[in-house]
Amino acid sequence: MSSDIILQVNNLNVWYEDFHAVKGITVGYPEKSISAIIGPSGCGKSTFLRCLNRIYEEVPGAKATGEIILEGKNILDKSVDPVELRRRIGMVFQKPNPFPAMSILDNVTIGLRLQGIKDKSYLMNIAEQCLRKAALWDEVKDKLHKLGTSLSGGQQQRLCIARALAVNPPVLLMDEPTSALDPIASAKIEDLMSELKKEFTVIVVTHNMQQAARIADYTSFFVLGDLIEHGLSSDIFTNPKQQKTEDYITGRFG
Amino acid sequence: MTYLHWRKFKNIAFHASLYLAAIIVLLPLFLIVSYVFKMGASSLNLDFFLAFPKPVGEVGGGMRHAITGTLYLVAIASIISIPTGLLCGIYLSEFGKGKVANLLKFSIDMLTGVPSIIIGIFAYILIVVPLKGFSAMAGGVALSIIILPIVCRSTEEILKLIPQHIREAGLALGLPRWRVILNIVVKGNLSSLITGVMLAISRAAGETAPLLFTSFGNMYLSYRIDEPMASLPVQIYNYAISPFDDWRRQAWAGAFVLITIVLGINLLSRLLVKIGGLRHLIRRGIK
Ligand SMILES: Nc1ncnc2c1ncn2[C@@H]1O[C@H](COP(=O)(O)OP(=O)(O)OP(=O)(O)O)[C@@H](O)[C@H]1O
Ligand SMILES: [Mg+2]
């Protein structure tokens, strides 16, 4: 865990039309760490995360103000190319979304293939590595040419994780990556995140407080678009400063 | 009658009306196809495909020129309208916001509703009059105007069915938007898109009205784009209203061939939908 801030968010506000979904959030994410975002449903966790790779722009009527600084540049600035940005900040979505009419193998390698990499054995190698990391390899190694959409929901989510890993982004955003998984697969994904931390920065939304406490170095607690508290997970979960945080993590609120 | 009986009765009555509706839908198709097949098959011979028309009054001859002409006209129409229609549909589905898109959507809906004879007149004024003569070009253009909105709308509808989060997933991988559209959205639904295109083509193959005063028709084989060209529908029309038994026999044969072409394209397009799955089956077999 280093303390160099890789991603600094300053006074971020997001609106859907005139609905204020994220309210003036300021928070910094240190390099090579895992940060968790927790909070009750509908409090703007996904919305916040979707700003970090500017995928929020795909929602008509969504608008963001403030700063998100990556390597000295405000990525919300229109001069920043979202395509370049998203190669550096990968994302796993809340709902599994494998590509239609595409095999499991192609789903994992498409990011690389469309960047121009053609070497079959190299692609195969990466695919195996990423599927292993996503704890899916053993289940799909005999049917790599079957459709990605033919997998179960939990398997699809792990496929999406493998797909995001394949392009090797230094920052990885994960929106409830384990909510559709059984405890064993969840544990494997948690192991993966801890492993990723050695090289990458992971920001993960989760409803599972134990999970946040287990794997995250830092935790942010959101309520209704406000950041109530942010700090070391050890502090948030054992010694929260805000009454609301304490109520939430002890299950009295939310 | 107890409540249970009443419920069962409603269930049966509802099912029965569904079956009845299905039969009413299927019956005309079945009758047309079976009658044309019966009349057509007995009139069909090898000459019909290989020979050209005989002079008026002589028995025999065939419609080789009209079969060739129909394929030729449909090809011209396809070359014009398939790329345009696909691009237009992709535009509407992927970028279609704002005034221009709404105007385009509205125009396409209007175009779908324009009777085909009017489209024929339009092509007549646009091409036949300035060039001072009927031509295959004019016929091809008329057909292309008929199928353009079909291709465009079916493309748009198919692409719109693809959930937004699939596009987001592609963009989140750092792929440019055109890549996402082409390699994920379009490619992932290629077989349905092709189906839409083929259904439009089969529609063009059967049109008579717009060809009457565009490509007009002739009695010999022609490959010239600036000359009149025969087509099956027009040839059938001309022969069917003629007083000669042998021509009327050939009109049935023509109807048979035309309906086979149209149904054939339909079946083929349905087959294509399955090919996506088929390819995976084959690849799995090899592995
Ligand atoms: N596309 C949208 N258009 C309008 N409002 C939206 C849209 N997406 C989200 N919202 C609203 O923004 C708020 C925050 O939503 P968001 O999805 O970020 O919540 P969340 O914290 O991720 O919830 P969950 O834990 O249930 O996933 C909610 O009130 C939601 O209704
Ligand atoms: Mg969410």
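This note sets out points on a predicted model, covering a sheet and a ligand site in chain A and a helix pair in chain B.

1. Sheet of chain A. Four strands of chain A form an open sheet in the order β2-β1-β4-β5, and their pairing is antiparallel.

2. Pairing of β1 with β4. Within this sheet, strand β1 of chain A (residues 5–16) and strand β4 of chain A (residues 62–70) are joined in the antiparallel sense over eight bridges.

3. Helix α1 of chain A, made up of residues 45–52, lies across β1, β2 and β4 of chain A. Its direction is at about 120° to that of β1(A).

4. Surroundings of ligand 1. The shell around ligand 1 comprises 14 residues, and the closest are A:S41, A:K45, A:S46, A:T47 and A:H207. Both β2 and α1 of chain A supply at least two residues each to this shell. The element that gives the most is α1(A), with three residues. Sorted by class, the shell contains seven polar, five nonpolar and two charged residues.

5. The side chain of A:T47 places an N or O atom 2.5 Å from an oxygen atom of ligand 1. For A:K45, a side-chain N or O atom is 2.8 Å from an oxygen atom of the ligand. At A:G42 the backbone is involved instead: one of its N or O atoms lies 2.8 Å from an oxygen atom of ligand 1. As for cover, ligand 1 taken alone exposes 630 Å², of which the protein buries 64%.

6. Helix pair in chain B. Two packed helices are described by the angle between their axes and the distance between the axes. In chain B, the axes of helix α3 (residues 64–94) and helix α11 (residues 232–240) come within 8 Å, crossing at roughly 140°. On the α3(B) side the contact is made by B:H65, B:A66, B:I67 and B:T70, while α11(B) contributes B:L232, B:P233 and B:Q235. The residues of this contact divide into four nonpolar and three polar, with no charged residue.

Technical notes:
Residues are numbered from 1 along each chain as its sequence is written. Chains are lettered from A and ligands numbered from 1 in the order in which they are written. This is a predicted model: local features need pLDDT of at least 70, side-chain atom pairs count only at pLDDT 80 or more; totals for chains, interfaces and linings use all residues. Side-chain values use heavy atoms; hydrogens and water are left out. Two strands pair if DSSP finds at least two bridges between them. Contact means heavy atoms within 4.5 Å. Axes are lines fitted to C-alpha atoms, for helices over the stretch in contact, and angles run from 0 to 180 degrees between N-to-C directions. A residue is near a molecule or strand if one of its heavy atoms lies within 4 Å of it. A polar contact is a pair of N or O atoms within 3.5 Å; within protein, one must be able to donate a hydrogen and the other to accept it, and residues adjacent in sequence count only if both atoms are side-chain atoms. Accessible areas come from the Shrake-Rupley method with a 1.4 Å probe; for residues, only the protein chains shown count as cover. Ala, Val, Leu, Ile, Met, Phe, Trp, Tyr, Cys and Pro count as nonpolar, Asp, Glu, Lys and Arg as charged, and the others, Gly among them, as polar.
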